[in-house]
Amino acid sequence: MGPGAIVIIGSDRQPFSVTPKKASEEEVFFSKPFSCVDVLGRSMVERTIDRLLRADAEIVSVLVAADIAESVQAIAGKFGDVRFQVVTDFCAAIQAKLKDHAEAGIEHSFVVSASVYAETDLLDFYYFHREAQQVATRSFDREGPMDLWVVSCSQSQDGDLGAILNAKHGSASAYFVREYVIRATGPKSLRQFACDMFQNCCVARPSGREVKPGIWMDQGAEAHRRARVVAPAYIGRRSKVQQDALVTRCSNIEEDCCVDCGTVIENSSVLSDTHVGIWLDVCNAIAEGNLFLSLNREIALEISDPAIIRVNGASKKTKGRNRGLIQWDDAHASVPDVQQVVALQPLDSKPEKPSAPDSWQLGANPIQG
Amino acid sequence: MAAWGESNSRVIEMYTRGPVIVMELPERLNGAEGKAFMRDLEPLLEVDRPRLVLDCSQVQYMDSVGIEILLHCMDEAMKRDGDLKLAALSPSSAAILELMRVDRLFEVFDSAEEAARSFHAIATPESAASMPWYAGGYRLPNLKSAS
C-alpha cells in the first residue's frame, strides 16, 4: 500500500511549526495564511496537495487551524478526495490521523506543513525513510530543517509525537532536499515565489494559458486593448486590466481583480478581489483588498479611501467581516484616509461603481512579449 | 525659534533660518486640520520667492486632501519663483506619496536642517564649470588631463 499524507495549515498568528520562528514572521497581514494565498493562480497548499496526490498518496488529510477555517473553504471545494478537518490541537490531531492511517493499512505517511513548498521527489524521500527504519525522517535543505516528514504510522503511536517530529538533526538520519524549496514566512516569500515561477526557477507553473511568451492569462481575464502587459506577468481569472494600465516585471494580478486606468503595477502582486484605483504607482508592493504592503519600505498601510484601493465587487463584505472592520460610512466617502495598519479604519460598504467595461478585446490586445 | 500661529488649540511651530521658512506640519493632515494649516501658511506663500520647508516628522495621518494641500503649496511657491521641500517624512507618508505618484514632484530630505541647507547651496556662486562659455569665469577643460 502507498503512503498516506497529512497536510497542516496553521494560521500566521499560530503557525504549525516545530522550528522556532522569528517574531517578525508571526505578524498577521492578510485575511488568510500566506500558504493559502493564491500566487499565479494557485496557493502553495494547493500545489503541495497536488504533489502529494501525484506521488500516489492513498489518503490525503488536511488539518486546518480553527481560526482560519473559513478562508480554507474555497480550497477544500477544489479537492473532492481530500479530507479537510478543523482542529485546535495539531499534535493530537496528527497522532489521531496517523492512527487512522495505520488502521487502514498504511505503513508510512507524509506529514507536511502548508507553509513549506518543496519540489523534492516525494517517493525518493519515502523510500529513504523506509530504508532508514526509524519512526520519523525529517527533511532539511540549505536553510535548515523543514516541516516535512515521513512518519511510520504504527510506531508513532508509542511516544510523544512532538518530540519525535522535533528530533535533533544527528540523532536520526535526515533527508536532504536539493530541489526548489520556499517557506511561506511573510509577504516577501509570496513575491519570491511568483518571481521564481516566472523565471523558471521551479517546476511550478502559473495557471491559465501562456498567451505570449512570459504572459499568462487565466480563464476570463481581460486586458483592455490600450493596456500594456509586459512579460513576465500574470492576469488571473476574471481580472481586468483597464486602459493605459501597465503590468510589468514579474507582476501578478490574481483572480477577480481590477487594475484601473493608467495605473502601473511593477514588480508587485495584486491579490484576489482587489480593485486598484486610477493613476497609481504600485511598485515592489503587495495589495490585498484595502491593505497595501510596501516591500521597499517594509510597512503596511490600511487605506480606507475606496478610490485608491479597495476590496473588489462581490467579496467586499465578506473580506471586511474577516478583518473585523466596521462598515464604511457614506458621509466619509469623499474624505479618503490613509493610516498605518495598526489602527484599523472603517471599511467601505458603498456600492461599487461599474468600471468602464466598454471595449474589451482580448484577441486584439497589444500585449508586449 | 518663534511660535507663529495658533488655531483650534493647536500650535504650529515655525522658525526661520535666513530666508528659508521651516514649518511643522500638524499630526493629522486631513480636511479640517488642513484648512487651518493653510490659513497659517498662505501669507508665507504670498511673498516674493518663498522658500519653504515642511517638516513632516509629526505627521501620523494623511489623506488625499493633505496631499492636495502639499501640491497646492508647491504650486503657489513655484508661481512666485520659490520652492517647497519636504523633510522627515515617515515611511508610511513616503509610501503613500509614492503610490500616488506625488513623490517625484517634491524634494525630500531626512531632516529640516538638511532641507534648509539645500536652499543655501543653490544661493552660492556658481562654479566656473557650470557657467556658460561666454561668462568671464569660463575656461576650456584641460584636454590632456581629460584624456
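pLDDT is the predictor's confidence in each residue, on a scale from 0 to 100. Keep that scale in view, for this is a predicted model.

Stop 1: Select residues 314-369 of chain A. Here pLDDT stays under 50. The model still gives this stretch 94 contacts beyond four places in sequence. Within chain A, strand β29 (residues 337-340) has the lowest mean pLDDT of the chain's elements, at 38.

**Stop 2: residues 20-26 of chain A.** In this stretch, too, pLDDT is below 50. The model shows six contacts for it beyond near neighbours in sequence.

**Stop 3: chain A as a whole.** The mean is 82, and 79% of the residues reach 70 or more. Switch to a cartoon: chain A holds seven helices and 29 strands. Of its 369 residues, 50% count as buried. Now turn to contacts between residues at least 6 apart in sequence. In chain A, 54% of these join residues at least 24 apart.

**Stop 4: where chain B meets chain A.** Show both chains. On chain B, 16 residues are in contact with 16 residues of chain A. Which elements of chain B give two or more residues to this side? Select β6 (61-63), α2 (64-79) and α3 (91-99) of chain B. α3(B) gives the most, with seven residues. Finish by colouring the chain B side by residue class: nine are nonpolar, four polar and three charged.

Notes
Residues are numbered from 1 along each chain as its sequence is written. Chains are lettered from A and ligands numbered from 1 in the order in which they are written. This is a predicted model: local features need pLDDT of at least 70, side-chain atom pairs count only at pLDDT 80 or more; totals for chains, interfaces and linings use all residues. Two residues are in contact if their C-beta atoms, placed from the backbone, lie within 7 Å. Helices (H or I, at least four residues) and strands (E, at least two) are DSSP runs, numbered from the N terminus. Ala, Val, Leu, Ile, Met, Phe, Trp, Tyr, Cys and Pro count as nonpolar, Asp, Glu, Lys and Arg as charged, and the others, Gly among them, as polar. A residue is buried if 20 or more other C-beta atoms lie within 10 Å of its own, exposed if 12 or fewer, and partly exposed in between; C-beta atoms are placed from the backbone.
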